[in-house]
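Here is a short report on one protein chain. Keep the sequence and the coordinates open while reading.

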Amino acid sequence: MSNEKVLPLLEPDVIAACCPPLNERPMSAEEAEVAAKMFKALGDPVRLRLFSAVASHEGGEACVCDISNVGVSQPTVSHHLKKLKEAGLLSSERRGTWVYYRVEPSVLAAMGALLDGAAKTA
């Protein structure tokens, strides 16, 4: 008799486009809140470096041990990663003692779509 259990796989959170392109129509209050949360999270240089480190890391995900060298202490890195997760910019998965972070493709697509239309008309 086996004590093995089959656990269901969790689907990653799918993040839909937050807002229309900036030049399409004025944002609603809710859309502006979501976009502001993303941009506020990226408005800190350490967070922007961490986000870039994860997004550009080989394989599309990075262990916290590989991206912690941003000039601040480890607890501060954890704080900034938490803020990026709360803003919906990163997702994470614990593997043993390490946490791996990734930027979901839908996040980059949503951010790109928000700014893309405005860039094309500039």
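## The hairpin

Arg95 stands opposite Trp98 in β3. The model is predicted. Strand β2 covers residues 91-95 and strand β3 covers residues 98-102. The two run antiparallel, and five bridges join them.

Two residues lie between β2 and β3, which form a hairpin. Gly96 sits in the turn, with a positive phi of about 65°.

The whole structure holds seven salt bridges. One of them joins Arg102 and Glu61, whose closest N and O atoms are 3.3 Å apart. This pair links distant parts of the chain. Arg102 belongs to strand β3 and Glu61 to strand β1 (residues 61-63), 41 residues apart. Glu61 counts as partly exposed because its relative accessibility is 23%, and the buried class ends under 20%.

Glu93 and Arg95 form another salt bridge, with 3.4 Å between the closest N and O atoms. Both partners are partly exposed: Glu93 has 33% relative accessibility, and Arg95 has 32%. Which residues do salt bridges with shared partners join into one network? They are Glu61, Glu93, Arg95 and Arg102.

## Helix α1

Which residues of α1 are buried? They are Glu31, Ala35, Met38, Ala41 and Leu42. These residues cover an arc of only 130° around the axis, so they lie on the same side of α1. The face turned away from the buried side carries the exposed residues Ala29, Glu30, Glu33 and Lys40.

Glu31 is one of the buried residues of α1, and its side chain meets that of Arg25 in a salt bridge. The N to O distance is 2.7 Å. Are the two partners buried or exposed? Glu31 counts as buried because its relative accessibility is 15%, under the 20% limit. Arg25, at 37%, counts as partly exposed.

## The chain as a whole

The secondary structure comes to five helices and three strands. Along the sequence, the pattern reads α-α-β-α-α-β-β-α.

The chain has 122 residues, and 29% of them count as buried. How much of the contact set comes from residues 24 or more positions apart? Such residues account for 59% of the contacts with a separation of 6 or more.

Key:
Residues are numbered from 1 along each chain as its sequence is written. This is a predicted model: local features need pLDDT of at least 70, side-chain atom pairs count only at pLDDT 80 or more; totals for chains, interfaces and linings use all residues. Side-chain values use heavy atoms; hydrogens and water are left out. Buried means under 20% relative accessible area, exposed over 50%, partly exposed in between (1.4 Å probe, protein chains only). Helices (H or I, at least four residues) and strands (E, at least two) are DSSP runs, numbered from the N terminus. The arc is that of the directions from the helix axis to the C-beta atoms. Two strands pair if DSSP finds at least two bridges between them. A salt bridge is a side-chain nitrogen of Lys or Arg within 4 Å of a carboxyl oxygen of Asp or Glu. Contact means heavy atoms within 4.5 Å.
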